[in-house]
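Try each one yourself before you read the solution.

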Amino acid sequence: MIVVYDAHCGYAAGQSMRHDRRRLLRFASMQGDTRRQLLAQAGVKADDVDTMLFVREGRAWRDSAAVLRIAHVLGWPWRLAWMGWFIPVTLRDALYRWAARNRYRWFGRSATCILPPPDAAHRFLA
């Protein structure tokens, strides 16, 4: 299971990594070389994704579906977010895109890609 994230923000990857107690998730930056291969395998055009993607067993989810899938993997209490599937996808994705547009304002933007902590470096793909 791989989270493809925006390394200039890093909020999503940081939160996912922090709450992934079972260490099931791996991470690939949207700016890295691995993303094109992952996206191609999942049938997603690289230019169509600019914030986050969740890849599992050759399938890919984006926008709010990616967030809900990641929350499910994180376990309790994050699994409660699974109730978000009851919200119509158009509304769910609109809220996700609004948050994605404002992510740099809220969480900041790094001039360089964020490096993983040494104890978690093996979970990050190039």
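**Exercise 1.** How many residues lie between strand 3 and strand 4 in their hairpin, and which residue in the turn has a positive phi?

*Solution.* First, some ground rules: this is a predicted model, where local features need pLDDT of at least 70, side-chain atom pairs count only at pLDDT 80 or more, and totals for chains, interfaces and linings use all residues. Residues are numbered from 1 along each chain as its sequence is written, and side-chain values use heavy atoms, leaving out hydrogens and water.

Helices (H or I, at least four residues) and strands (E, at least two) are DSSP runs, numbered from the N terminus. Now the turn: two residues separate strand 3 from strand 4, and glutamate 57 has a positive phi of about 50 degrees.

**Exercise 2.** Work out how strand 3 pairs with strand 1 and strand 4.

*Solution.* Two strands pair if DSSP finds at least two bridges between them.
- Step 1: strand 1 and strand 3 are antiparallel, with four bridges. Here tyrosine 5 sits opposite methionine 52.
- Step 2: strand 3 also runs antiparallel to strand 4 (residues 59–62), again over four bridges. Phenylalanine 54 has tryptophan 61 as its bridge partner.

**Exercise 3.** Is strand 3 largely enclosed or largely open, and why?

*Solution.* Buried means under 20% relative accessible area, exposed over 50%, and partly exposed in between (1.4 Å probe, protein chains only). Four of the five residues of strand 3 are buried, so the rest of the structure largely encloses this strand.

**Exercise 4.** Where is leucine 80?

*Solution.* Look in the loop between helix 3 (63–74) and helix 4 (89–107). Leucine 80 is partly exposed there, at 42% relative accessible area.
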